[in-house]
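Have the structure open and follow along.

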Amino acid sequence: MIFRIAILELVMSCLAAGIAQAEDWPTYRHDNRRSAVTQEKANVPLSLSWVRRSPVSPLMAWSGPAKWDAYSGNKDLQSMRNFDPAFFVTASEGAIYFGSSVDNAVHCLNARTGMERWVTFTGGAVRLPPTIDQGKAYFGSDDGYAYCIDLKEGRELWKFRAAKSARLIPSNGKLISPWPVRSGVLVKGSNAYFAASLLPWEHSYLCSLNKDTGTAIYVSDNTNMTMQGALLSSSTTIYAPQGRSVPLLFDASSGKSLKGVSGMGGTFCLLTEDELLVGIPQNQKASGNVIQIADPSGTEAMLQFHGADRLLIVGEMAFIHQGKVLKSLNRAEYGRLQTKIVTLTGQVKGMTGELGRLRKSFNVLPAAKKQSEGKSAKTKILQLEGLMKASRVEISTLSKAVTKCFGWEIRSPAPYELIFAGGVLFIGGNGIVIAYDAGTGEELWSGNVEGHAYGLVFSRGRLFVSTSRGHIYSFSEK
Amino acid sequence: MRCLCSLLLWLTVLHCPVRGEDGGILHDWDFKKQEWDGLKITDKGNGLLAKATSPPGFDAQGGWVTGSPGVIAIEGVNPGVFPSRNMTVEADVVIDEGQRWGGILSYAQDNGDYERGWLLGYNETSFLFWVSTGGPLNQVIADLPFEPGRRYRVTGSFDGLNIRIYVDGNLAGEARAEGRIAYPDWAYYAIGVYKDKDENYPMKGRLFSASVFNRSLRENEIRARSGLPPTVGPIKFAARPLLRFTDKGIARIEWGSDVKGDGAVAYGKGRELGEMMISAQSNGNHSVSLEGLEPAATYFYRIIQNTREGQRFSPVYEFSTSLNFSALRVQGNQDDPAAIQAKAIIDRTGIKRGYCLVVGASNPELLIELARMSEFSVVAVESDKELISSTRAILYRKGVYGTRVSVIAVDDLEDDIPITSCMVNLLVSLSRKEDDEIRRVLVPGRGRAIFLAEGGRILSRDRFKGSGDWTHQYGDAGNTASSKDTLGGATGTADFAVQWVGRPGADFGIDRNPRMPAPIVAGGRLFHQGMNRMIALDSRNGAILWALEVPDLRRVNIPRDCGNWCADNDSLYVAVKEQAWVLSAETGQRREILKVLPEEMSQQGHEWGYIGKIGSVLVGSSVKATTGYTSFWSKKMWFDGKGGQDGTAQVCSDSLFGYSLHAGESKPAWVYRKGVILNSTISGMGNRVFFVETRNEKILSSSGRRLAGSELWRDQFLVALDVDSGNVIWEQPLETEDGTVAFYLQASPEGLLLTASNTQFHLYSFDPETGKPTWRKSSAWADDHHSGHFQHPVITAGIIYLQPNGYRLKSGELVTSKVGRREGCHTYVGAGGALIYRGKSRQISMWDRQTESVTTWPRLRPSCWLNTIPASGMLLVPEGGGGCSCGGWMETSIGFLPKAYMGGER
């Protein structure tokens, strides 16, 4: 029943999406919550329009994770800092934009033909795509600057460096600022936000600028941080991933550092409408991949999905790849039930301890006192036993209900990216992109690419795929 | 010459498979469906009856599906049934999921320190075989991981001297293991399960057959049982193989064979090794290039050598193109005047690696040609905005912008250059004259500036006064664990600025745990080892000068052995099995191969142990093959024991010898052979080499050289040799506490220091001129874990530091008991006025010797032994902490420059 209602809602949203206008994809993973969800409906099948091939794969800021933790016997460690494995794309009004870690530039291509319209160079690698807003593009560079350029010619309108020092240091054959901008630039209201950060023993800056003039509203000076990966935002809060440490929360209006999200890490993060943060664990101790959901105001992860590579949230629904299967999930109900199970399990644990203590006290009573003083203890024991039994029954019932939260389930290759376009799920795999019907899990279409498809964007009838080889593919509706 | 035929086709031209002998079979289990009688099955060797714990199920290929509860654990089998010395265990098996405790076939107990019997099994990644000979178990792990779901024939053999594991007939690992098999009083005869008194871990997989032989099968028999043609023995390398990436998608493999004839490399992304490259060089020196390699992919390969007797095979090796650091090739026009100019610049300065800074971007062709003729990262600075735009556009169109050449904007071409100090290898000035700013950015020592407007005048920058090297495992041949580097007076973390950051990263190394050889630094170059690989970086800017994949390069547990390399300004000397390679420090080209003593090689299979450059002599020691530690998987391979456990036994040598580096001889100038030498004590100073050896008869007559018994500490002598002649200068009988946890010798002008650790540290000082004892002390361990009980003392400025104390080496006088507290396993190193170690919150810390205060770098983690190197006027931390999955460590290589050296930098 639970799942049927959710599916109905999904179908309704798909129908709504069917009449939705063509949409831009103006920032990394579509919006400031990095939802990777567009209401524009994808009409599959698609066909390949053009490919922009890169002679060189992206020059990532960090090398891959250790091959294993030999001491602990863990292998397949998750990569914590892979925020730039492809030339991610943003799309707006017939053009696409991407930053390059190879040629230190931002490129604008004609979305229909793939022809380059202009290229604007910086002094360092550009690791995340520009954010498009009101005829302007905003992005950061390893040279330590945040930039604003016009969309017509790529002409520089302003640039801003947070650190006082212009010093550049060598890094992997290039020069970088010790305060590189590897957070992208997030535009919200009239402000542009970015982080300039690299080393925990140096200063790190979270900046808010007037997006039109590039003048500083604040430059929040912090220590013991390594902000990297795309910033996220809710209405009041800026979220800054740190890679190999916990994501940080800042008050958007003042730049004041609020707290870290305990137990979380990595640079893959998305923020749900109900302000839950989805990401990976803080450490790599677990063998294999884990995706988890945390309430940033809490102290620990609420939900963990072991073996999961990617998770996408569309309203109450979630789509998750776990092990070798892609499945749909009523995540709101699942979360509610799991929270209850965790609470009840905790209560049972507490009652078990209490019961042990009561039984011990009762057992050591002299026989003569067992009748008198022991009476109330025995009553308590019986009450507790009854409560525990009831709780266990409830846990069992809830556990059965949890299984009903899952909808369809299909075998699917491991995704490097997962997006939703008006009722169609696209996954980016190794050498392949596949479209599924979000309502049924039915495979609708697939296209081949070279490399791992880390970046997917759907905008104005076109699917843009960015791969680990540095190639960008455009597939269009037939 | 590229050959598209498969390896199999190439092989079948020369050989037909033959069957091996089947004699000596003790148990022969066939798990096909028709062999079962309900739950029961009988071995075809001796009729032993076994009963499964549940009705057997079978997969499509007929394999018995094992797992909970379907396993066999036979009780009541007397251990006397099994062989006591020579045995072979074999299984035809599929593992569906690796696990920490994986058993295929065993008769074993593994309960804490009580380890008895034998086991053919697997862990999370690899097959393994172990036997007990009474002490800690002798384990060999296959050198490549298995693929879950794939069918293998796995064979473990033991002959009383060596233990080996074969996968599909190919040798996949071997180790020294001497003695008779020690059995427990009882054990389960377990099939498809890891089961003993305490453990019960069913195997998730399938078994087709399993056999136990009461003899050690010969290699060709094992190959034949796997359907492989016979081999005439393992390939014999005159030059052990190395792999070098030469361009994106291209790897060149070089090796030398001891016989003339064709060689080949079979390779592929899978173990099938479906592609092959033939090397037709007739002189035995082979080189093939593998082209079209995919980025970020793992490849496997093996070398095949044709001989008159047949084919010889190397083990299967592995490499990853993720670690291809080669510079992207640049297309240019060699007839362009810019090409002529660039060639003249490079020829005149003699520099072609690292960073090239061009002041002025008016000649984009020159920038391109400089990149084409070198391995430089070329950076131009320019103030003219139009020129910046046009040059960038040209470079972009040529496909070199950002990868090999870039342009950065400056306000004024004659003013500040916004790059860190001391980082430019070659500065090309189009018009700017020499000034402080140009001198500031040049690499001290090796950096050059050329002024084109002044007829190509060349400026060099002197090496920093007070700049030191770290040429051996513990800094110098004397093992002082300190460098002569003053670090510009820096004694705290705030005295440094980050100079460079980047690769190699965590994917380069083995793991932080197995106590790897230290990086070394000489002549402004930093050398670092990873997982069977090495890399050379420019100390001042982190530029990768070269990198080599060396399958036979691995040594761990250095506290119980010695380092496997050393360096001087021109050369890197690396011990690789029975060879020592002399590599060009600048290019990594193999200039020369020296061999460990030929007569010992032929008789007992010796490898090169100690390697050190003392005076002008390359000193080596010979160690019996497979004595050194190479395993790194599991907690045990952290080697943090307190004595008596596996991992604290000392690696010892049978001889010491010296090659004169001036003479160019192919044989050592001298050989010393008397006792059994403890590798961790070999140290040099001036023209002397010092060491401790035991002349105990029992040790001398024993066949093993990884030693831990009480006899090791008897009949010891402290010996000093003249390094030029090998003559004994003096020797003194030695009476010390047993060094059951660690045993180190250090040489410094103020004295020789011997440290024995058992339940506490015992320090002994000797006069280096006579070997006479001068004083002794004992001090408690600071901790009994994380190396606290075997930290290596530091000798700097005439003082010995061993946490928490400092003693004057000359007199033994206590000068401090407040050495900064270590909180992790990296040992201390000394430089200038500080000690560097893993301190507060397990981060890299500095202890100021003067003020005794501590500062730290947050989230910077060193390796579990020694990877923090004060040299080249810098503090260098090539990545060594990777693999620790429990913390938010930075996991990057990094170089720190003392702020005192930053000159007028703003």
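Start at Ile432 of chain A: its bridge partner is Asn448(A), which sits in E34(A). Keep in mind as you look that this is a predicted model.

That pair belongs to a longer contact. Strand E33 of chain A (residues 430-437) is joined by six bridges to strand E34 of chain A (residues 443-459), and the two run antiparallel. Follow the chain from E33(A) to E34(A) and you trace a hairpin with five residues between the strands. Have a look at Gly441(A) in that turn, where phi is positive, at about 85 degrees.

Now go the other way from E33(A). Strand E32 of chain A, residues 424-428, is also antiparallel to E33(A), and five bridges hold the pairing. Here Leu425(A) is the residue that faces Tyr436(A) of E33(A). E32(A) and E33(A) make a hairpin too, with one residue between them.

The order in chain A is E19-E20-E21-E22, and the pairing is antiparallel. Which strands stand at the edges? They are E19 (232-233) and E22 (257-260) of chain A; each has a single partner strand, so one side of each is left without a neighbour in the sheet.

Methods: Residues are numbered from 1 along each chain as its sequence is written. Chains are lettered from A and ligands numbered from 1 in the order in which they are written. This is a predicted model: local features need pLDDT of at least 70, side-chain atom pairs count only at pLDDT 80 or more; totals for chains, interfaces and linings use all residues. Two strands pair if DSSP finds at least two bridges between them. Helices (H or I, at least four residues) and strands (E, at least two) are DSSP runs, numbered from the N terminus.
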